[in-house]
Amino acid sequence: MITCVVTYTIDPSRIDAFEEFARAWMALVDRHGGTHHGYFLPSEGASDQALALFSFPSLADYETYRQRFGVDPEFIAADRIRDSSGCVLRYERTFMRPLLPGVNPLPD
């Protein structure tokens, strides 16, 4: 399993647009083989940082999902929310492997 962690710098005055963008991407990840763990939005402290976490069974599965970017109309529409509203100022993507309670990720 591979988990993608996306760190966003957002425009706090456009949080409603960011939430619309986030809902669209949660549905797309889930529909295309991944598991979305949610978006985590500003609450207290820094008001311009948000996170998204989602997992795919493998990097190859993630790459299959990524092939839809810029091609699939639903993916284009989701990105249009971000682009037209200016709710995302920048983002950074990091891949991690989860260490979960009761799960041994290494073979015996």
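Buried residues are those under 20% relative accessible area, exposed residues are over 50%, and partly exposed residues lie in between (1.4 Å probe, protein chains only). The model is predicted: local features need pLDDT of at least 70, side-chain atom pairs count only at pLDDT 80 or more, and totals for chains, interfaces and linings use all residues. Residues are numbered from 1 along each chain as its sequence is written, and side-chain values use heavy atoms, with hydrogens and water left out.

Arg 82 and Asp 79 are both buried. They form a salt bridge, with the closest N and O atoms 3.1 Å apart. A salt bridge is taken as a side-chain nitrogen of Lys or Arg within 4 Å of a carboxyl oxygen of Asp or Glu. The two residues are three apart in helix α3, which means that about one helical turn separates them. Helices (H or I, at least four residues) and strands (E, at least two) are DSSP runs, numbered from the N terminus. Arg 82 also forms a salt bridge with Asp 83, where the closest N and O atoms are 2.9 Å apart. Arg 82 has a relative accessible area of 16% and is therefore buried. Asp 83 is exposed because its relative accessible area is 53%. Shared partners join Asp 79, Arg 82 and Asp 83 into one salt-bridge network.

In total, the structure holds five salt bridges. Another of the five salt bridges links the side chains of Glu 19 and Arg 23, at 3.5 Å from N to O. These residues are four apart in helix α1, so they are separated by about one helical turn. An α-helix has 3.6 residues a turn, so residues three or four places apart point the same way. Glu 19 is partly exposed, at 25% relative accessible area. Arg 23 counts as exposed, at 52%.

Helix α1 spans residues 15–31 and has 17 residues. From its first C-alpha to its last, α1 reaches 24 Å, close to the 24 Å expected at 1.5 Å a residue. The expected span is 1.5 Å times one less than the number of residues. Ala 17, Phe 18, Phe 21, Ala 22, Trp 25, Leu 28 and Val 29 are buried in α1. They lie on the same side of α1 because they cover an arc of only 135° around the axis. The arc is that of the directions from the helix axis to the C-beta atoms. Asp 16, Arg 23 and Arg 31 are exposed on the other side. The buried residues of α1 pack against β1 (2–10), β2 (35–40), β3 (49–56), α2 (59–66), α3 (73–85) and β4 (88–96). Gly 33 follows α1 and has a positive phi, near 100°.

His 32 is placed in the loop between α1 and β2. It counts as buried, at 19% relative accessibility. Its side chain makes a polar contact of 3.1 Å with the side chain of Arg 68. A polar contact is a pair of N or O atoms within 3.5 Å; within protein, one must be able to donate a hydrogen and the other to accept it, and residues adjacent in sequence count only if both atoms are side-chain atoms. Not counting residues up to four places away in sequence, His 32 touches Phe 56, Tyr 65, Arg 68, Glu 74 and Phe 75. Contact means heavy atoms within 4.5 Å.

Thr 9 lies in strand β1 and counts as buried, at 8% relative accessibility. A polar contact of 3.1 Å joins its side chain to that of Gln 49.
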